[in-house]
Amino acid sequence: MNKFSVVGIGPGNMDYILPISRKAVENADLLIGGPRQLELFSYTEKRELLLKGNYKEILTYIKENKEKEKIAVLVSGDPGYHSLLGMISRQFSSDQYRVYPGLSSFQVAMARIGEIWNDADLISLHGKSLSKVLEGKGKKLVLLTDHKNTPWHIARYLLNHGYEGREALIAENLTYGNEKIRKIKLKDIIEEDEYKLCVMIIMKKEENSTL
Ligand SMILES: C[S@@+](CC[C@H](N)C(=O)[O-])C[C@H]1O[C@@H](n2cnc3c(N)ncnc32)[C@H](O)[C@@H]1O
C-alpha cells in the first residue's frame, strides 16, 4: 500500500523543519497545501494542489489517487494540533498515511519568550466564538488567533471579562524575516487593518511584576 504523507512544516522557515519531513516532501510527486506551505517548497517544482477551503474535493482526490502517486499534504506547525489531520484521520485508517511532526507555532512563541507551556491552556480560536472558548479560563493562555479573533478583538473581550490586569505577548510571523514579539498591556492593543500570523499569550496575573 502506498502511504500518503501528512507533513508538519513548522512555523514556516525552512530552518525549523525536521530533515525527515523535508525529505518526505522532496520525495513526493504531488504537494497539497495552502499558499504559504506550497511557497516554502516551490523550489522543488512539484505538481501542486491548492488547499483553500476545498476540503471535500482534496480528500476525494487523495482517496482516488493515493495508490497512483506519492502525495504529501503540507500543514503548518504540527499536524496533531488543529490541522487537516483531524479530517484525514476520520476518513482514512492510520495505516494509509504517515504523519511527520513539526514544531507548533505555540511552541516557538513560548520558546521566544523563555516560558514553559505545561501550565498553560492552549487554545485555537480558528472559526470559534471568543465567549465559548475563553470563559472561565484562569491560567496562562496561549491563543492561536485568526482573521476574526485578532489580538484587538481578544483584548476587548478579555478587558470586559475580568482580565483587566493581565499583560499579553503578541508573537507575529514567527521564524519569518518580519518576526515581531511584543509585550503589551491588553488595554494598549490597537486594531490593525491587516491580519498577521499570530500567537497571543496572556500571562498569568501573578507573574506580572509590572502590573
Ligand atoms: C490553522 S492554525 C494551525 C496551527 C498549527 N497546526 C500549529 O501547530 O501551529 C493556524 C494558526 O497558527 C498560528 N501560526 C502558524 N504559523 C505561525 C507563525 N509563523 N507565526 C505566528 N503564528 C503562526 C496562527 O495563529 C495561525 O492563525
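Q: Before we start, what counts as a polar contact here?
A: A polar contact is a pair of N or O atoms within 3.5 Å; within protein, one must be able to donate a hydrogen and the other to accept it, and residues adjacent in sequence count only if both atoms are side-chain atoms.

Q: And what kind of model is this?
A: It is a predicted model, where local features need pLDDT of at least 70, side-chain atom pairs count only at pLDDT 80 or more, and totals for chains, interfaces and linings use all residues. Residues are numbered from 1 along each chain as its sequence is written, and side-chain values use heavy atoms, with hydrogens and water left out.

Q: OK, the ligand. How far is His126 from it?
A: An N or O atom in the His126 side chain is 2.8 Å from an oxygen atom of the ligand. For the side chain of Ser104, the distance from an N or O atom to a ligand oxygen is 2.7 Å.

Q: What about Pro11?
A: There a backbone N or O atom lies 2.9 Å from a nitrogen atom of the ligand.

Q: How much of the ligand does the protein cover?
A: On its own the ligand has 580 Å² of accessible area (Shrake-Rupley method, 1.4 Å probe), and the protein covers 92% of that.

Q: Switching topic: which domains are assigned?
A: Domain 1 (4-103) and domain 2 (106-207), with bounds from an automatic or database domain assignment.
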